[in-house]
Amino acid sequence: MLWKGRGRSSSTAVVVPFDADRPAVEAAKRDPDAFGQLYRKYVAQIYSLALYETRDPHTAEDVTEAVFLRALSGLDGFREQGEGAASTFRAWLYTIARHTISNERRRDRRHPAEPIELALDLRATDDTAATAETRLEAERALAAVMELPPERRQAIILRFVHELSAREIGEIMGKSEGAVRVLIHRALASVRQRLES
Amino acid sequence: MTKERPTAFELDLAIDHLLRGEHGPVETDREPLLATARLVREALPPFHPRFGFEEHLARRLAAARLPARGSGEASPTPIGRRPALSDTDLPVLAASAGPAAPVTVGPGPRRRGLVAGGAIASGVSIAGAALVVWRRSRSGGLF
């Protein structure tokens, strides 16, 4: 959602992104009990991101827990900004998640990552209409995505699983919108190349 | 610094259409990458946490919010349901509580004053009655 902020000159209207979570964030700042609304909205998304990145359901739960505890304790310090890093609550929360996942990886290097097919129960999400061939193709695509370099993989997951815009992904990853688009373009080209080989 | 190529911009617009379930304009040179994008979208489903975990975390967050309420007069209202604090919740409370507010066990100061006043008044009445009985018994008895 967007609204036009008018400056002194009516000809220089500035488009400011409206954070859909603003009312819930303001309510949670006044009354911590209201944080529950934000938690319920984002818990599955953060868990999903953590699961794709850690490939371990238990670690994904630990990461999710740490993210929300940090978000709750740091909520007073969150300031919505028109532009720049972590401009919306969602981008701010995903940024916390990304840092938490990085820390978890550094801490937990001794455990090799499981193959993604084992870590994720893909059969639970299958489409009964899908043919075995389609499923096999999707599994190969998943494996190809998981073998991408970390930044490309994260960009693909944020774009296709979480449906974030290139701008939001840029805010989370500390990159420009254009750089994220190029990252995704290259990532898809790599996946395609791998599928064709 | 990465320079955005026009194809990356166009592909991103096409992905926008794909994510919205719309059919955007397709150009033949972009179609192979769009087909890969469709496949990737199908291959990457979102996942949901276990219900038990979601409720457990809701209770932990409710417990962590407790000290933020200040006076501690009200019991914490959980996310969705009332939490049952377990032993594992206590470190969260301890870690985030900061300096603990004094906890009064039993009646408060105002109520203590009333109780003490009542006790003194009762004592005075009993002593007065005992004095009257003693003086009457000393004066020869009126019974």
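In what order do the elements of chain A run from the N terminus on? They run β-β-α-α-α-α-α-α-α-α-α, which comes to nine helices and two strands. The structure shown here is a predicted model, with scores of ipTM 0.77 and pTM 0.66.

Chain A has 197 residues, and buried residues make up 38% of them. Its contacts can also be sorted by how far apart the partners lie in sequence. Of the contacts in chain A with a separation of 6 or more, 56% are between residues 24 or more positions apart.

Chain B has another make-up. It consists of five helices and zero strands, so written from the N terminus on as α-α-α-α-α. Of its 143 residues, 20% count as buried. Among contacts in chain B between residues at least 6 apart in sequence, 33% join residues at least 24 apart.

The confidence of the prediction should be kept in mind when looking at chain B. The mean pLDDT of chain B is 65, and 45% of its residues reach 70 or more. Over residues 70-111 of chain B, pLDDT stays under 50. For that stretch the model has 41 contacts beyond four places in sequence.

Now turn to the place where the chains meet. In the model, 42 residues of chain A are in contact with 39 residues of chain B. On the side of chain A that touches chain B, at least two residues each come from α2, α3, α6 (132-146), α7 and α9 (177-196) of chain A. Helix α9(A) gives the most to this side, with 10 residues. By kind, the residues of this side of chain A divide into 26 nonpolar, seven polar and nine charged.

The next topic is the nonpolar core. In soluble globular proteins, nonpolar side chains tend to be buried together. Here the largest nonpolar core has 69 residues. The residues with the most contacts inside this core are A:Leu93, A:Val145 and B:Val40. Helix α2(A) gives the most to the core, with 11 residues.

Which residues are in contact with A:Val145, leaving aside its neighbours within four places in sequence? In chain A they are A:Arg153, A:Ile156 and A:Val191, and in chain B they are B:Val40, B:Ala43 and B:Leu44.

A:Leu183 is another residue to look for, and it is found in helix α9 of chain A. Is A:Leu183 buried or exposed? It is buried, because 26 other C-beta atoms lie within 10 Å and a count of 20 or more is enough for that label. Leaving aside neighbours within four places in sequence, A:Leu183 is in contact with A:Glu151, A:Arg152 and A:Ala155. A:Leu183 can also be compared in position with A:Ile156, which is 27 residues apart from it along the chain. The C-alpha atoms of these two residues are separated by 8.5 Å.

Helix α8 (residues 166-173) of chain A is mostly covered, with six of its eight residues buried. The buried residues of α8(A) are A:Ala166, A:Glu168, A:Ile169, A:Gly170, A:Glu171 and A:Ile172. After α8(A) comes A:Gly174, whose phi is positive, near 70 degrees.

Backbone angles in the loops deserve a look as well. Most residues other than glycine have a negative phi. A:Glu163, in the loop between α7 (150-160) and α8 of chain A, has a positive phi near 55 degrees. A:Glu163 is partly exposed, because it has 15 other C-beta atoms within 10 Å, and that label covers counts between the limits of 12 for exposed and 20 for buried.

A:Arg55 also has a positive phi, near 60 degrees, and is a residue other than glycine. Where does A:Arg55 lie? It lies in the loop between α2 (35-54) and α3 (57-74) of chain A. With 20 C-beta neighbours inside 10 Å, A:Arg55 counts as buried.

Notes: Residues numbered from 1 in each chain as written. Chains lettered and ligands numbered in written order. Predicted model: local features only at pLDDT ≥ 70, side-chain atom pairs only at ≥ 80, totals over all residues. Helix = DSSP H or I, 4+ residues; strand = E, 2+ residues; numbered from the N terminus. Contact = placed C-beta atoms within 7 Å. Core = buried A, V, L, I, M, F, W, Y, C linked by C-beta atoms within 7 Å. Nonpolar A, V, L, I, M, F, W, Y, C, P; charged D, E, K, R; others polar. pLDDT = per-residue confidence, 0-100.
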